[in-house]
Amino acid sequence: MRPRPPLPDVLAGTPAGTPAGTPPGVLPRGRARARARSAAATGLRALTATGAVVAVGLAALLGPAAGPAGAADNGRWSVFPAPAAGAADPSATGQERQFFTLQADPGTTVKDKVSVSNLSTAPMTFRLYGADAYNTPRDGGFAVRGPDETNRDVGTWIRLAKTTLTVPPRTRADIPFTLAVPANASPGDHPGAIVALDTRTDEGSGKVAVGVRRAVGARVYLRVGGPSLAALSVEHLTVSHGDPLLPGTGSTAATIHYTLVNRGNVTLSPRLAVKATGLFGRTLLNRPARDLPLELLPGQQVSLTEKWADAPAFDRVSVRLTVSTATGGVDERGTASYLVAPWLAVALVLAGLAVSAVWYVRRRRSRHPAAEAAEAAASGAGPDAVPDASDTYTGPGPRAGTGGDTASGADTGADSGPGTAVIGAPTGGS
């Protein structure tokens, strides 16, 4: 498992731009307010008994990011593992560990302390509780159950020495706790957090009665002894793409949608590689493996997207995702195919071809009788042709008459000698 990455600057440590000489974790008033609002904006929502909406901001429990190590804080207070006795920095913000990284066997108990530092100039009262962690479905961020939600795992195993705590200004309080692992606990990772919730409710502005309650938590990564299994699947892989009416008239960008499911019992840090090919195996997209900005917790799933800005406008595309992890040697693939085309242009071409075919057939049919007549006229005969009376008879013997001209009563031929019959000659004497 790779080292736990630190929290985003907005949630951890002293951000850039803080005036020189400001103690770590202490912010100028304007920056503190801005960070508090940012933390509240990412909070959970719940309904109070009076019907007012209360936003519970759970700062420092979202997705990890690169940056300097620091306590989970929102500018007014911070929560982190308590330094050991004789720590080099005993101040209100001194810390040696960023997270609780614990190991235990089923049926054993772990003891530790959590520090809550009041970074403000007034006393603050907190509600302390343990919570189960989960991945947010939208982007896979690290989140925990709210104070009124039901916990079923490590959140129920944590027992704090105090559940309500008042901390003076500029002071750190160390609270002991125990984590009792049940004898029937499943092996593997059990992520959670210890949360400090401000008991005050800030009044919101506007017509709706909205209050804001802010919380900060320190992550707990517990691994229970036993066989570990790293397993992951790539599911629900689909592609949505731009479909311009005509080529060059709109965007052809595509979005690859997919779901990662952790089917093992250890936390995974996935890496993603994307490849797309077109007709005849042409490579359209080839992105090498890179780390995804999330920790996929056991039993969790997250739906993600991959943008493709220069997707083809007309092709048969096959997309393949390869997801791997350094832990457990996971290497899973998912594939999807789709056809993209400028359908209006295709429809216009097909309509043009159909019109051309109809015109050609009709033209052929209209020319067929005229062609037959022309061929009959050229040959001088047809199926009903009548022999011409002027045709020369060349055969032996008498020639038959032709129609009504055979009874004209006139001598139509000269006597060409004895034995020659004259057609139509009178039979009587003179």
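Student: What makes β6 and β11 a pair of strands?

Tutor: Two strands pair if DSSP finds at least two bridges between them. Strand β6 (residues 109-118) and strand β11 (residues 171-180) have ten bridges in the antiparallel sense, so they count as paired under the rule of at least two. Within this pair, Val116 stands opposite Ala173 of β11. The strands themselves are DSSP runs of E with at least two residues, while helices are runs of H or I with at least four; both are numbered from the N terminus.

The model is predicted: local features need pLDDT of at least 70, side-chain atom pairs count only at pLDDT 80 or more, and totals for chains, interfaces and linings use all residues. Residues are numbered from 1 along each chain as its sequence is written, and side-chain values use heavy atoms, with hydrogens and water left out.

Student: What makes β3 and β9 edge strands?

Tutor: Five strands form an open antiparallel sheet in the order β3-β4-β6-β11-β9. Each of β3 (72-73) and β9 pairs on one side only. β3 has two bridges to strand β4 (residues 77-81), with Ala72 opposite Val79. Strand β9 (residues 158-160) has three bridges to β11, where Arg159 is partnered by Thr178.

Student: Why is Trp359 called exposed?

Tutor: Its relative accessible area is 53%. Exposed means over 50%, buried under 20%, and partly exposed in between (1.4 Å probe, protein chains only); Trp359 at 53% is therefore exposed. Trp359 sits in helix α3 (residues 343-379).

Student: What surface patch do Trp359, Tyr360 and Val361 form?

Tutor: They form a nonpolar patch, with about 350 Å² of accessible area together. Patch members have over 30% relative accessible area and no salt bridge; nonpolar side chains (Val, Leu, Ile, Met, Phe, Trp, Tyr) are joined within 5 Å, like charges within 9 Å.

Student: Which backbone nitrogens lie by the side chain of Asp132?

Tutor: The backbone nitrogen of Arg152 lies 2.7 Å from a polar atom of that side chain, and the backbone nitrogen of Asp153 lies 2.9 Å from one.

How values were computed:
Accessible areas come from the Shrake-Rupley method with a 1.4 Å probe; for residues, only the protein chains shown count as cover. A salt bridge is a side-chain nitrogen of Lys or Arg within 4 Å of a carboxyl oxygen of Asp or Glu. A polar contact is a pair of N or O atoms within 3.5 Å; within protein, one must be able to donate a hydrogen and the other to accept it, and residues adjacent in sequence count only if both atoms are side-chain atoms.
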